[in-house]
Amino acid sequence: MATTANGMPMYTYSELEGFAKVIQDRSEHKPSVGIICGTGLGGLADVLEHKTVIPYSDIPHFPVSTVKGHHGQFVLGKMKGKTVICMQGRFHLYEGYPAWKIASPVRVMSLLGVKTLFITNAAGGMNKNYNVGDVMIIKDHLFFPGLAGMNPLVGPNMSQFGERFISTSHLYDAGLRKLARDIAKEIGCSDFVQEGVYAMVGGPSFESPAELRLLNLTCDVVGMSTCPEAITAKHCGMRVFGMSLVTNKCLMDVDLTEEDAPNHVEVLETGKLREEILQELVTKVVEKMDNY
């Protein structure tokens, strides 16, 4: 493990290659598509055919998931004729992981050959027009921890992946967003598919009403993940598609009762409610993405 000029540790390129080699040695699959499954959305990996399952704990020195609803494993297989690697369980700042470690699986995916990354998450709805169970296609984000220096690209640049300074103006691929909207109409779920801006906070505490009102000035939903992976994927030259499942309405009025406050059980239950339609939406986007 390397260290930066100020002593901050980070994985070396050779260590990332080592992680990729463990996966390559365990599976015949050569993935071109990566999917990060958010809280309650791990069922996306269940639709893969001819699966290989590799627990994170089987990869020496690789981080492990600690959150309920995150299985903590890679699943490789076939989806609609394409070779896919899914992360069933991701990593978060609130687990104590630094941003560079949260994003390291994306670099491993890049070394495995992944060119397109799908990122899903569970999020709280701030937009008053959003309902629990809505799906929001991410068109932009507000990365609050990143603005405070917790960016996954902090530290020595790994030029094997990309340039030192990258633009995030068009991070979330316009073609894939259009395809997802078209498919939502095709499968009859466009009435609850939105498109908007995702805000990431550090967690693990849910946001206060004052914090939510501030975030809602420019954002529609809020969560505790996604941005580190999306930025790293952009740095690696991947196409990025992001999607949030609205699992709760945010408590934006301090005078509402505690019963209205969000909780993790509600997040998991809403994930189960929309599991099948999300699987259908993502699999169809994967199937048709080469034409967009």
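# Close-up views of a predicted model

**View 1. A123 stands opposite V246 in strand β11.** Strands and helices are DSSP runs numbered from the N terminus, with strands (E) of at least two residues and helices (H or I) of at least four. The model is predicted, so local features need pLDDT of at least 70 and side-chain atom pairs count only at pLDDT 80 or more, while totals for chains, interfaces and linings use all residues. Residues are numbered from 1 along each chain as its sequence is written, and side-chain values use heavy atoms, with hydrogens and water left out. Strands count as paired if DSSP finds at least two bridges between them. Strand β11 (residues 239-249) runs parallel to β7, with ten bridges joining the two.

**View 2. Strand β7 also pairs with β3 and with β10.** With strand β3 (residues 33-37) the pairing is parallel over four bridges, and G34 stands opposite L117 in β7. With strand β10 (residues 221-223) the pairing is antiparallel over two bridges; here G125 stands opposite V221. Strand β7 (residues 116-125) is largely enclosed by the rest of the structure, because ten of its ten residues are buried. Buried means under 20% relative accessible area, exposed over 50%, and partly exposed in between (1.4 Å probe, protein chains only).

**View 3. Y56 and F74 belong to one aromatic cluster.** A search of the whole structure finds eleven aromatic pairs. Rings of Phe, Tyr and Trp (its six-membered ring) pair if their centres lie within 6.5 Å; planes under 30 degrees apart count as stacked, over 60 as edge-to-face and the rest as tilted. The ring centres of Y56 and F74 are 5.0 Å apart and the planes meet at 75°, so this pair is edge-to-face. Y56 lies in the loop between β4 (49-55) and β5 (73-79), and F74 in strand β5, so the pair ties together parts 18 residues apart in sequence. Y56 and F74 are both buried.

**View 4. The sulfur of C37 is 4.5 Å from that of C86, its closest cysteine sulfur.** This distance is too far for a bond, a disulfide being a pair of cysteine sulfur atoms within 2.5 Å. By this rule the count comes to zero disulfides. C37 counts as buried because its relative accessibility is 1%.
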